[in-house]
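Here is a short briefing for a first look at a protein model. Keep the sequence and the 3D view open while reading.

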Amino acid sequence: FREHIEVHEKAWENQDIDALASSYTKDAVRIIGTAPEAIRGREAIRESFAAGFGEDSRFKGTKLSALVLGYRILDPKHFTAYGVWKLSNSSGELIAHGQWGNLYRREEDGVVRFLMESAGAMTFDQN
(Lines give C-alpha, C1' and ligand atoms only; values in the text may rest on other atoms or scores of the structure.)
Protein backbone atom coordinates (compact mmCIF):
# COMPACT_ATOMS: atom_id res chain seq x y z
CA PHE A 1 0.00 0.00 0.00
CA ARG A 2 2.76 2.45 0.89
CA GLU A 3 4.39 1.56 -2.44
CA HIS A 4 1.11 2.45 -4.16
CA ILE A 5 1.17 5.91 -2.56
CA GLU A 6 4.83 6.48 -3.46
CA VAL A 7 4.26 5.42 -7.08
CA HIS A 8 1.21 7.70 -7.33
CA GLU A 9 3.07 10.69 -5.86
CA LYS A 10 6.04 10.16 -8.21
CA ALA A 11 3.76 9.77 -11.24
CA TRP A 12 2.04 13.04 -10.29
CA GLU A 13 5.34 14.86 -9.91
CA ASN A 14 6.51 13.55 -13.30
CA GLN A 15 3.09 14.17 -14.85
CA ASP A 16 3.16 10.57 -16.04
CA ILE A 17 -0.44 10.15 -17.11
CA ASP A 18 -0.10 6.45 -17.95
CA ALA A 19 1.44 5.65 -14.55
CA LEU A 20 -1.27 7.66 -12.79
CA ALA A 21 -4.02 5.84 -14.69
CA SER A 22 -2.47 2.45 -14.00
CA SER A 23 -2.80 3.09 -10.26
CA TYR A 24 -6.60 2.68 -10.70
CA THR A 25 -8.56 -0.52 -11.33
CA LYS A 26 -10.30 -0.81 -14.70
CA ASP A 27 -13.64 -0.23 -12.94
CA ALA A 28 -12.43 2.52 -10.60
CA VAL A 29 -14.42 5.58 -9.61
CA ARG A 30 -12.74 8.91 -8.88
CA ILE A 31 -14.72 11.45 -6.86
CA ILE A 32 -12.85 14.71 -6.35
CA GLY A 33 -13.95 18.19 -5.37
CA THR A 34 -12.79 19.79 -8.63
CA ALA A 35 -14.83 17.47 -10.89
CA PRO A 36 -18.56 18.17 -11.39
CA GLU A 37 -19.35 14.43 -11.25
CA ALA A 38 -17.70 11.08 -10.60
CA ILE A 39 -15.15 9.92 -13.16
CA ARG A 40 -15.78 6.26 -13.94
CA GLY A 41 -13.31 3.76 -15.36
CA ARG A 42 -9.55 3.78 -15.83
CA GLU A 43 -9.70 5.22 -19.35
CA ALA A 44 -11.92 8.14 -18.30
CA ILE A 45 -9.61 8.73 -15.33
CA ARG A 46 -6.62 8.71 -17.68
CA GLU A 47 -8.36 11.26 -19.93
CA SER A 48 -9.08 13.49 -16.90
CA PHE A 49 -5.39 13.47 -15.96
CA ALA A 50 -4.43 14.26 -19.56
CA ALA A 51 -6.78 17.26 -19.50
CA GLY A 52 -5.61 18.25 -16.02
CA PHE A 53 -1.95 18.28 -17.04
CA GLY A 54 -2.64 20.15 -20.28
CA GLU A 55 -0.62 23.01 -21.73
CA ASP A 56 -1.81 25.75 -19.35
CA SER A 57 -2.19 23.44 -16.37
CA ARG A 58 -2.09 24.85 -12.88
CA PHE A 59 -0.62 21.48 -11.87
CA LYS A 60 2.64 21.85 -13.84
CA GLY A 61 5.62 21.53 -11.51
CA THR A 62 3.53 20.60 -8.50
CA LYS A 63 4.22 17.91 -5.96
CA LEU A 64 1.43 15.87 -4.39
CA SER A 65 1.98 14.18 -1.05
CA ALA A 66 -0.36 12.07 1.04
CA LEU A 67 -0.27 11.27 4.73
CA VAL A 68 -2.10 8.11 5.81
CA LEU A 69 -3.94 8.60 9.09
CA GLY A 70 -5.61 5.20 9.24
CA TYR A 71 -6.76 2.12 7.38
CA ARG A 72 -9.07 -0.86 7.77
CA ILE A 73 -8.78 -4.26 6.11
CA LEU A 74 -12.16 -5.40 4.79
CA ASP A 75 -11.19 -8.77 3.31
CA PRO A 76 -8.09 -10.29 1.68
CA LYS A 77 -8.47 -8.12 -1.46
CA HIS A 78 -10.07 -4.90 -0.20
CA PHE A 79 -9.23 -2.22 2.32
CA THR A 80 -10.00 1.39 3.05
CA ALA A 81 -7.62 4.14 4.07
CA TYR A 82 -7.96 7.81 4.88
CA GLY A 83 -5.71 10.75 5.40
CA VAL A 84 -4.73 14.22 4.30
CA TRP A 85 -2.99 15.46 1.16
CA LYS A 86 -1.10 18.57 0.19
CA LEU A 87 -0.06 20.08 -3.10
CA SER A 88 3.06 22.23 -3.30
CA ASN A 89 4.43 24.34 -6.12
CA SER A 90 7.97 24.03 -7.49
CA SER A 91 9.23 26.35 -4.71
CA GLY A 92 7.78 24.04 -2.06
CA GLU A 93 4.98 26.49 -1.16
CA LEU A 94 1.71 24.89 -0.09
CA ILE A 95 -0.95 25.79 -2.65
CA ALA A 96 -3.72 23.34 -1.75
CA HIS A 97 -4.60 20.74 0.86
CA GLY A 98 -7.48 18.55 1.85
CA GLN A 99 -8.58 15.14 3.03
CA TRP A 100 -9.10 11.81 1.31
CA GLY A 101 -10.85 8.52 2.01
CA ASN A 102 -10.28 5.73 -0.51
CA LEU A 103 -11.20 2.13 -1.21
CA TYR A 104 -8.43 -0.10 -2.59
CA ARG A 105 -8.29 -3.53 -4.20
CA ARG A 106 -5.34 -5.86 -4.53
CA GLU A 107 -5.58 -7.08 -8.11
CA GLU A 108 -4.76 -10.53 -9.49
CA ASP A 109 -1.25 -9.31 -10.36
CA GLY A 110 -0.72 -8.48 -6.66
CA VAL A 111 -0.73 -4.71 -7.25
CA VAL A 112 -2.82 -2.47 -4.98
CA ARG A 113 -4.92 0.00 -6.97
CA PHE A 114 -7.62 2.58 -6.30
CA LEU A 115 -11.10 1.12 -6.62
CA MET A 116 -12.61 4.39 -5.41
CA GLU A 117 -10.77 7.63 -4.78
CA SER A 118 -12.56 10.35 -2.85
CA ALA A 119 -10.79 13.61 -2.05
CA GLY A 120 -11.82 17.02 -0.74
CA ALA A 121 -11.88 20.08 -2.97
CA MET A 122 -8.61 21.75 -3.88
CA THR A 123 -8.18 25.40 -2.97
CA PHE A 124 -5.55 27.38 -4.82
CA ASP A 125 -3.74 30.53 -3.86
CA GLN A 126 -5.07 33.32 -6.07
CA ASN A 127 -1.85 35.42 -5.90
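The points below cover strands, core, rings, charges and surface.

This is a predicted model, in which local features need pLDDT of at least 70, side-chain atom pairs count only at pLDDT 80 or more, and totals for chains, interfaces and linings use all residues. Residues are numbered from 1 along each chain as its sequence is written, and side-chain values use heavy atoms, leaving out hydrogens and water. The largest nonpolar core has 27 residues. The structure also holds 11 aromatic pairs and six salt bridges.

**Strands and hairpins**

- Helices and strands are DSSP runs, numbered from the N terminus; a helix is H or I with at least four residues, a strand is E with at least two.
- Two strands count as paired if DSSP finds at least two bridges between them.
- β4 and β5 are antiparallel and share 11 bridges.
- In this pairing, W85 stands opposite G98 of β5.
- Five residues lie between β4 and β5 in their hairpin. G92 in that turn has a positive phi of about 90°.
- β5 also runs antiparallel to β6, joined by five bridges.
- Here L103 stands opposite M116 of β6.
- The hairpin of β5 and β6 has five residues between the strands as well. Its G110 takes a positive phi near 85°.

**The nonpolar core**

- A nonpolar core is a set of buried Ala, Val, Leu, Ile, Met, Phe, Trp, Tyr and Cys residues joined through side-chain atoms within 4.5 Å.
- Buried means under 20% relative accessible area, exposed means over 50%, and partly exposed lies in between (1.4 Å probe, protein chains only).
- Which members of the largest core touch the most others? They are W12, F49, F53, W85, L87, W100 and Y104.
- Helices α1 (2–13), α2 (17–21) and α3 (42–52) are among the elements that give two or more residues to this core.
- Strands β1 (24–32), β3, β4, β5 (94–106) and β6 (112–119) also give two or more.

**Aromatic rings**

- Rings of Phe, Tyr and Trp (its six-membered ring) pair if their centres lie within 6.5 Å. Planes under 30 degrees apart count as stacked, over 60 as edge-to-face, and the rest as tilted.
- F53 and F59 form an edge-to-face pair, because their planes meet at 70°, with ring centres 6.1 Å apart.
- F53 is buried at 7% relative accessible area, and F59 is buried at 11%.
- F79 and Y104 are stacked, because their planes are at 15°, with centres 5.0 Å apart.
- F79 is buried at 11% relative accessibility, and Y104 is buried at 1%.
- Ring pairs join F1, W12, Y24, F49, F53, F59, F79, Y104 and F114 into a cluster.

**Salt bridges**

- Side chains of opposite charge can pair when their charged atoms come close.
- A salt bridge is a side-chain nitrogen of Lys or Arg within 4 Å of a carboxyl oxygen of Asp or Glu.
- K77 bridges to E108, with the closest N and O atoms 2.7 Å apart.
- This bridge links distant parts of the chain, 31 residues apart. K77 is in the loop between β3 and β4, and E108 is in the loop between β5 and β6.
- K77 is partly exposed at 39%, whereas E108 is exposed at 73%.
- E107 and R105 meet in a salt bridge of 2.7 Å, N to O.
- Are these two partners buried or exposed? E107 is buried at 19%, and R105 is buried at 18%.
- D27 joins R105 and E107 in a network of salt bridges.
- D109 and R113 form a salt bridge of 3.2 Å, N to O. R113 is buried at 12%.

**A surface patch**

- Patches use residues with over 30% relative accessible area and no salt bridge. Like charges are joined within 9 Å, and nonpolar side chains (Val, Leu, Ile, Met, Phe, Trp, Tyr) within 5 Å.
- Accessible areas come from the Shrake-Rupley method with a 1.4 Å probe; for residues, only the protein chains shown count as cover.
- L67, L69, Y82 and V84 make a nonpolar surface patch of about 380 Å².
- β3 (63–73) and β4 (78–88) are the elements that give two or more residues to the patch.
- V84 is found in β4 and is partly exposed at 34% relative accessibility.
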